[in-house]
Amino acid sequence: MCPNMPRDLTDLLYPRSVAVVGASATPGKIGHALFSNVAGFTGPVYAVNPSHKQILGRPCVPTVADLPADVDLAIIAVPPADALRALDACGRKGIRNAVVITAGFKERRGEGIERERELVRIASAHRMNVLGPNSFGLISPRARLNATFAPRGAFAGTIAFISQSGALGSAVLNWAWQREVGFSFFVSLGNKAVLAENDLLAALARDPETRVIAAYLEGVEDGPEFVRLASEVTRDKPVLVLKAGTTEVGARAAASHTGALAGSDRAYDAAFRRGGVLRVRTVEELLEGAVALSQQPLPRGRRVGIVSNAGGPAILAADAAADEGLELPPLSPGTVASLVERFPAANIANPVDILADASADQFQDAVEWVLADPKVDMGLVLTAPHPVLTFAELARILAAAHRRHAKPVVASFLAGEIGDEAEKILSAAGVSAYFEPARAVRALATLARYREVQDRPPPDRSTVDADRAQARELLGSRGPRLGVESLDLLTAYGIPVARGGVARGPDEAEALAQDLGEEVVLKVVSAEVVHKSDAGGVRIGVPGSGVRDVYREMVRAVPAATGVYVQELLPPGEEVIVGIVRDPTFGPLVMFGLGGVLVEVLEDVAFALAPLSRGEVEELVRSIRGFPLLEGARGRPSVHLPALVEVVERISHLAADFPQIQELDVNPLLCYPDRVVAVDFRATLG
Ligand code: COA
């Protein structure tokens, strides 16, 4: 199949007829639970089992070959060896779509790995779309198809849920059923032997019923394609991803779970940012974010208006808003005047605390006025159990406000139970209510994040002028480990470097030093020494008269030295580090951070996928905590930010242009008010 040509999954997602291989009449078996669910399908359903003529009132045939010709989808739930034979038989029969529930493939390692290879061979020989193996199944509520063995199905809705974990998928179905949250599709990816997240992403992007795509993933199969696809999809539909395996231990657990080797977490962060994917950290955030996105309009900005008749919860909400980077703007004078008149005893600010004795009418006015305020992009209403106002009354107020205003409205009802009536009113109106104020705030933050994804300008993918031929020649003639003597690679990319050159003997060193000022820096050149300073391989501030002696000392201290780099001595400046690492899933990543000890102790660094546009570099540079130091904190002058941004941009293109660069550090890059200069350099080629 052509790599960028999306697969047609219509018959998988909307089959007209379905067969279950391994359907069982014996309660307690997976094949029975599965077939009981599939039997609810509106179209023709067949069981395949050699021992029966009918199961659950549906026709049963002994083998796949006995099925009628028009079956679109086969669900396979027989032991592993039989599963491969059944899949092949389906292919021969012309069935182009299958879900393999059977486990015992790659995730079991050993012979399972070869079994999975065989499955891939069969699928590609017959050009089949195969979900799984080790899949929990598929639900297409509009087609009334539940091809899982879950005890509950799913309501029809607008959220597509993709899960790499069957157990998590099952839990999500249960959660959604209780809250009457509906899905456009529920897809358990299993081992992703054939169909993976990108195939589903592409299909769901085109599906008119799907408004939000939510996924639990342990890894991404084709990183660059995922980023490309996500960048397109997220312009129209939000994509939320809970990515597991973010810690060392988590990553190992992911590997043993479905055999996915989790890529590095920084790379996932960078890739999701590039693709406009909203990354979430908990299952709850994934589901609640998806629900909010499916029900609420998008806010224009990050400004929240809070109305509460409970002081403490309002403060908690304000704290949570600050944590999420949301703003609580002062309300417009007109809004304040109306509120002051209506609530003379209340403290009118944002949060608006209308005090505990506020009546339903008063609450309604406050919510109405705050939402109508042009300074407010979204509303949050908080309450606790109350003698004057019932939850149902407040729910009605919220439902009406949600209808009237094209602004998101969420609520936090701090109560163990809010009652069926209030629940019904809120759910019919599509207003989410939470116990915890912070969760309500997080839902709003998710909406604001997605608005920003939609608003971002298309990235400028123009390239930089560089002497690529020269760079290619340099990379071809040196390596695999490059040091300071290869600063000329940066020169080829138009990056300013400290003046200097390699000396092969003391006389040459002295001659070089003469042109570089009164004092110079000497750095040993050796492919074997990684930390030059630790090995006595760096001397700073050597006067011209001392260069010969220092040269001799250095080559004595480092016997593997092939020369000494003589470099101009630069005045102190702000030190930053710019690096490249190559991620196995997503390719080259650029790292930026404060240099020197700060990079090691504080790890104040940020990553982005290479190559980067100017705008993306600016975002990267500004994203580190220490950025104020570069901008001139505490009376220090600001460094030349445009020059710094340009250097990072150029390094990002170097990374993208030459896949043989595995790792590269420009450390330090010295930044001054009028320029930036690369002083030291290290790279590994592969
Ligand atoms: N064609 C048709 N029917 C077949 C068959 C074939 N090639 N091979 C077996 N069957 C029938 C069996 O006779 C049996 O029917 P019966 O109940 O009437 O006797 C039925 O299919 C099931 O086969 P059985 O041998 O009883 O298998 P099982 O139920 O013990 O296990 C799986 C089958 C698929 C459930 C099991 O191998 C498995 O993989 N379990 C894990 C599933 C899982 O966890 N998936 C991931 C979810 S996250």
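**View 1. Antiparallel pairing of strands β26 and β27.** In this predicted model, strand β26 (residues 574–583) pairs with strand β27 in the antiparallel sense over eight bridges. Strands are DSSP runs (E, at least two residues), numbered from the N terminus, and two of them pair if DSSP finds at least two bridges between them. A hairpin of three residues joins β26 to β27. Within this pairing, V581 stands opposite L589 in β27. Residues are numbered from 1 along each chain as its sequence is written. Local features need pLDDT of at least 70 and side-chain atom pairs count only at pLDDT 80 or more, whereas totals for chains, interfaces and linings use all residues; side-chain values use heavy atoms, with hydrogens and water left out.

**View 2. Strand β27 and its pairing with β28.** Strand β27 spans residues 587–594 and is mostly covered, with eight of its eight residues buried (under 20% relative accessible area, 1.4 Å probe, protein chains only). β27 also pairs with strand β28 (residues 605–609) in the antiparallel sense, over five bridges. F592 stands opposite A606 in β28.

**View 3. An open sheet of six strands.** The strands follow the order β16-β17-β15-β18-β19-β20, and their pairing is mixed. β16 (347–348) and β20 (433–434) stand at the edges and have a single partner strand each, so one side of each is left without a neighbour in the sheet. β16 pairs with strand β17 (residues 352–353) in the antiparallel sense over two bridges. The bridge partner of N347 is D353 in β17.

View 4. Of the 22 residues around the ligand, S24, K29, N49, I101 and A103 come nearest; a residue is counted as near if one of its heavy atoms lies within 4 Å. The shell divides into 11 nonpolar, nine polar and two charged residues. Here Ala, Val, Leu, Ile, Met, Phe, Trp, Tyr, Cys and Pro count as nonpolar, Asp, Glu, Lys and Arg as charged, and the others, Gly among them, as polar.

**View 5. Polar atoms facing the ligand.** A polar side-chain atom of S24 lies 2.6 Å from an oxygen atom of the ligand. For K29, an N or O atom of the side chain is 2.6 Å from a ligand oxygen atom. A polar backbone atom of I101 is 2.8 Å from a nitrogen atom of the ligand. The protein covers 70% of the 960 Å² of accessible area that the ligand has on its own (Shrake-Rupley method, 1.4 Å probe).

Methods:
A polar contact is a pair of N or O atoms within 3.5 Å; within protein, one must be able to donate a hydrogen and the other to accept it, and residues adjacent in sequence count only if both atoms are side-chain atoms. Buried means under 20% relative accessible area, exposed over 50%, partly exposed in between (1.4 Å probe, protein chains only). Helices (H or I, at least four residues) and strands (E, at least two) are DSSP runs, numbered from the N terminus.
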